[in-house]
Amino acid sequence: MGKVDHNKQQKRESLLDSAFSLFIDNGFNKTSIADIVKNAGVAKGTFYLYFKDKYDIRNHLIAHKASQVFQTSYLALQKHPEIQDFEDQVIFIMDDILDQLASNLNLVRLLSKHLSWGFFKNSLFFTPSEDTPSIHTIYDKMLQNANHTYHSPELMMYLILELVNGTSYNAILYQQPVGLQELKPHLHQAVRGIFDQYRTDETAGDSKH
């Protein structure tokens, strides 16, 4: 990356970081573009080089944060070459993402307020850099190496995301109805049930001959 491109990326990231802190502290509706650029220390015109409006930076912020969390978990998975099964890999990534969120409650609050399936679907195709594949690309690669085949893999992912998102929010923030660590085994069982529902081949115990 050249110096000019690096400076552009730094300015864009400073705007995203600024928007994140202000959305958390003041709320999305009470944050203006003027607030974002002042907090980032850049000129207002710079904002429009990267984003159309406040809604656009919010959408990019969600895609950026969701991708960042997933990429961190995927890198952690690479340190465990013994985890070869697709379903075990998804469970590992899910656990690691939940642990990341548990250590960053502000991120939980942002995503819980704004992360609809539409927003997340956009983040699936978000490419952080030329050298970093999108979540969708990684998911496809994992699926291709799976021991089983699945029908409607996008719908399967949607159900898993909605399940994890819907059940973990209160567990992380309020330890209700139980804390995250106590919830995890129940989530594992439910996610594996979704995998079973979407398999198009035999189960591991009854593999095809």
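Analyst: Happy to! One thing to know at the start is that this is a predicted model.

User: Good to know. How many helices and strands does the chain have?

Analyst: The chain has 10 helices and zero strands. Read along the sequence, the pattern is α-α-α-α-α-α-α-α-α-α.

User: And how much of the chain is buried?

Analyst: Of its 209 residues, 42% count as buried. As for contacts with a separation of 6 or more, 68% of them come from residues 24 or more positions apart.

User: Let's look at H4. How many of its residues are buried?

Analyst: H4 is mostly covered, with 18 of its 25 residues buried.

User: What span should H4 have, and what does the model give?

Analyst: At 1.5 Å a residue, 25 residues should span 36 Å, and the end C-alpha atoms of H4 are 36 Å apart, so the two agree.

User: What happens at the start of H4?

Analyst: There, a side-chain oxygen of Asp 53 comes to within 3.1 Å of the backbone nitrogen of Tyr 55.

User: Asp 53, okay. Which residues does Phe 47 touch?

Analyst: Leaving out residues up to four places away in sequence, Phe 47 touches Leu 15, Ile 33, Ile 36, Val 37, Asp 53, Lys 54 and Ile 57. Phe 47 itself sits in helix H3, residues 44–50.

User: Is Phe 47 buried or exposed, and why do you say so?

Analyst: Buried, because its relative accessible area is 0%, and the cut-off for buried is under 20%.

User: How far apart are Phe 47 and Ile 57?

Analyst: They are 10 residues apart in sequence, and their C-alpha atoms are 9.1 Å apart in space.

User: Switching topic: what lines the second largest pocket?

Analyst: Its lining includes Tyr 74, Leu 77, His 80, Ile 138, Lys 141 and Asn 145. Helix H4 (54–78) and helix H8 (135–144) are the elements that give two or more residues to this lining. By type, the lining residues divide into six nonpolar, five polar and one charged.

User: And how much space is in there?

Analyst: About 220 Å³.

User: Last one: what do the buried residues of H10 pack against?

Analyst: They pack against helix H5 (86–102) and helix H9 (153–174). Among the buried residues of H10 are Leu 180, Leu 187, Val 191 and Phe 195. H10 has 19 residues and reaches 26 Å from its first C-alpha to its last, close to the 27 Å expected.

Notes: Residues are numbered from 1 along each chain as its sequence is written. This is a predicted model: local features need pLDDT of at least 70, side-chain atom pairs count only at pLDDT 80 or more; totals for chains, interfaces and linings use all residues. Side-chain values use heavy atoms; hydrogens and water are left out. On a 1 Å grid over the protein atoms alone, a cavity is a set of points where a 1.4 Å probe fits but cannot get out, and a pocket is an open set with protein on both sides within 12 Å along at least five of seven lines; lining residues have an atom within 4 Å of a point. Grid points are joined across faces, edges and corners, and a volume is the space filled by probe spheres set on the points. Helices (H or I, at least four residues) and strands (E, at least two) are DSSP runs, numbered from the N terminus. Ala, Val, Leu, Ile, Met, Phe, Trp, Tyr, Cys and Pro count as nonpolar, Asp, Glu, Lys and Arg as charged, and the others, Gly among them, as polar. The expected span of a helix is 1.5 Å times one less than its number of residues. Buried means under 20% relative accessible area, exposed over 50%, partly exposed in between (1.4 Å probe, protein chains only). Contact means heavy atoms within 4.5 Å. A polar contact is a pair of N or O atoms within 3.5 Å; within protein, one must be able to donate a hydrogen and the other to accept it, and residues adjacent in sequence count only if both atoms are side-chain atoms.
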